[in-house]
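Please open the model in a viewer and keep the selection tool at hand. This tour moves from one selection to the next and describes what is found at each stop.

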Amino acid sequence: MSFNNQITSEEETLRQKEIMERLKERIANISKELGRPLTYCSICFGCQMNAKDSEKLEGILETIGYVRTDSEDCDFLIMNTCTVRENANLRVYGRLGQLKKYKKKNPHMMIALCGCMMQESLVVEKIKESYRHVDIIFGTHNVFKLAELIETKLDTKGMVIDIWEGTSEIVEDLPSDRKYSFKCGVNIMYGCNNFCSYCIVPYVRGRERSRKPEDIIKEIKELVADGVVEIMLLGQNVNSYGKTLEPKVSFAKLLEMIEEIEGLKRIRFMTSHPKDLSDELIEVMANSKKICKHLHLPVQSGSSKVLKDMNRSYTKEDYLTLVDKIKTAIPDISLTTDIIVGFPTETEEDFMETLDVVKRVRYDSAFTFIYSKRTGTPAANMEFASTDEQIKERFDLLLNEVQNIAKETCARFEGTTQEVLVEGVNEQDASLVTGRLSNNLLVHFPGTSDMIGKFMEVKLKESKGFYYLGETV
Ligand code: SAH
Ligand code: SF4
Ligand code: F3S
């Protein structure tokens, strides 16, 4: 492993662009020999951060001449991995096994693995030993290097492995292949410094680094000029944005700067850690015309004891007070959350506290997870206070409660007319289009594909629990 911060980000961008130029020629030559274009297939697991990284990887692959396919029977397969829970890892190994047959058939095929799982040395050892058909392995800190790694692979025989333990560099201005023409994720920070005791992310994504406001604003302005109307600002804890910058800039200030960008219509962000959510941010949100009325505010547990063991730095009461403050300042806000059931020290009483929070806050939706032990985190050494059966029972109970409440909460806008950004034609019924409300809920209504990327006024006629049926007015 290496810790690389010798060169500046501008030099690195130029260097990578030169490599891409060289590779473009080489790929074109191989393609000529074969008499067909070379194809790539991109698979992405995990969170929005990974999705954004995959767009960057796809941008590089398109630039050097690969053509996208959904089939794993391709010339370049890249799998961006997640390791937040054990089952995320198992899925990757399963998929890898299946790829062997394509590789046997196609001598030109390259398989690349990257992302959070690759930052764990045990994983890389296992792949080196048991999955010899993998060609390239890299991690979360050097996504921008893909072209260089492909070039190295073309010139060498063995597996190319390049994992960095950390980085202080942020390499700007490389290509990115956007999934939607009208909306886009924008990284505002990388890494995490919170070390919640169950979580592997700080170990695989490194220390918190914020992008400079001017770089973020430049990127958003370019996106808007290119047709983007909605952006999602991305970070593991956006509320601590700017703390490492000189001079410091708060997240609320950054939002105010972004709000000024002409042509940009909607601003979303993810994720907010309750401990760092400032009054300033609530005020900016309440007064903003562009920031969406949606806040993802992971609670993780309702028990102050468990929250302490989780190293979350807030109590149940702190969280509920914060929710009250937000709801008072922004009455039509939609709140969503993440909850972990079965953290090692969680007892039946602790779980009842979680249920109590769910009943009091009444989330629009909640992602519920069963605790998964991650080796290397502090919680991995804690004794379990409950059995697997008890945890499973709690999980089912919670899911049921969350869904019942969400159904009622989501219905509260029934009968109103709202602005909807159309995202696509409905997958089940082509006479309908699907759009998103400011609060993140989906609406299906009669429409045509030319509405995609446009804002429509839609009457929400009927709530179906997690989505609405509507019609344009
Ligand atoms: N940075 C975000 C969350 C990133 S991970 C935040 O702090 O809110 C997304 C979610 O996965 C977390 O909110 C948590 O609920 C869940 N998670 C993380 N580690 C987990 C583990 N070891 N077991 C089960 N769920 C976990
Ligand atoms: Fe993980 Fe906590 Fe960081 Fe979120 S804030 S990524 S849960 S350590
Ligand atoms: Fe998974 Fe990495 Fe995101 S572990 S949840 S892809 S930061």
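How many nonpolar, polar and charged residues are in the lining of the largest cavity? By class, this lining has five nonpolar residues, no polar residues and one charged residue. Please note before going further that the structure is a predicted model.

**Stop 1: the cavity**

Select Val358, Arg362, Tyr363, Ala366, Val402 and Ile405, which line the largest cavity. The volume of this cavity is about 30 Å³. A search of the whole structure finds one cavity of 30 Å³ or more.

**Stop 2: ligand 1**

Next, select ligand 1 and display the residues around it. There are 15 residues around ligand 1, and those that come nearest are Arg85, Gln236, Gln300, Asp338 and Ser372. By class, the shell around ligand 1 divides into seven nonpolar, four polar and four charged residues.

Begin with Gln236, where a polar side-chain atom lies 2.7 Å from a nitrogen atom of ligand 1. Continue to Asp338: a polar side-chain atom of this residue lies 2.6 Å from an oxygen atom of ligand 1. At Ser372 the contact involves the backbone, as a polar backbone atom of this residue is 2.8 Å from a nitrogen atom of ligand 1. On its own, ligand 1 has 540 Å² of accessible area, and the protein covers 90% of this area.

Now colour strand S13 (334–341) and strand S14 (365–370). Each of these strands supplies at least two residues of the shell around ligand 1.

**Stop 3: ligand 2**

Keep Gln236 selected and move to ligand 2. Gln236 is among the residues around ligand 2, together with Cys192, Asn194, Phe195, Cys196, Tyr198, Cys199, Val201, Pro202, His273 and Arg312. The shell around ligand 2 divides into seven nonpolar residues, three polar residues and one charged residue.

**Stop 4**

**Stop 5**

Select Val171, Glu172, Asp173, Tyr190 and Arg211. Of the 39 residues that line the second largest pocket, these five lie nearest its centre. The elements that give two or more residues to this lining are helix H1 (9–34), helix H2 (48–63), strand S7 (183–187), strand S9 (209–210) and helix H7 (213–225). Which of the elements gives the most to the lining? H7 gives the most, with five residues. About 1,000 Å³ of space lies in this pocket, and its lining has eleven nonpolar, eleven polar and 17 charged residues.

**Stop 5: backbone exceptions**

Most residues other than glycine have a negative phi, and most peptide bonds are trans. The next selections depart from these patterns.

Select Glu246 and Pro247 first. The peptide bond from Glu246 to Pro247 is cis, with omega near 0°. Pro247 lies in the loop between strand S10 (230–234) and helix H8 (251–259).

Then select Met270 and Thr271, which are joined by a cis peptide bond with omega of about 0°. Thr271 lies in the loop between strand S11 (266–270) and helix H9 (279–287).

Proceed to Asn311, which is not a glycine and yet has a positive phi of about 65°. Asn311 is found in the loop between helix H10 (304–309) and helix H11 (316–329). Its relative accessible area is 37%, so Asn311 counts as partly exposed.

Asn440 likewise has a positive phi, of about 85°, although it is not a glycine. The loop that holds Asn440 runs between strand S16 (432–437) and strand S17 (442–446). With a relative accessible area of 27%, Asn440 is partly exposed.

**Stop 6: Ser42**

Finally, select Ser42, which lies in strand S1 (residues 39–44). Is Ser42 buried or exposed? Ser42 counts as buried because its relative accessibility is 19%, and buried means under 20%. Ser42 and Arg68 are 26 residues apart in sequence, while their C-alpha atoms are 8.0 Å apart in space.

How values were computed:
Residues numbered from 1 in each chain as written. Chains lettered and ligands numbered in written order. Predicted model: local features only at pLDDT ≥ 70, side-chain atom pairs only at ≥ 80, totals over all residues. Heavy atoms only, no water. Near = heavy atom within 4 Å. Polar contact = N/O pair within 3.5 Å; in protein donor to acceptor, adjacent residues only side chain to side chain. Areas by Shrake-Rupley, 256 points an atom, 1.4 Å probe, with all protein chains shown as cover. Helix = DSSP H or I, 4+ residues; strand = E, 2+ residues; numbered from the N terminus. Nonpolar A, V, L, I, M, F, W, Y, C, P; charged D, E, K, R; others polar. 1 Å grid on protein atoms, 1.4 Å probe; cavity = no way out; pocket = protein on both sides within 12 Å on 5 of 7 lines; lining within 4 Å. Points joined across faces, edges and corners; volume = space filled by probe spheres on them. Buried < 20%, exposed > 50% of the residue type's maximum accessible area, 1.4 Å probe, protein only.
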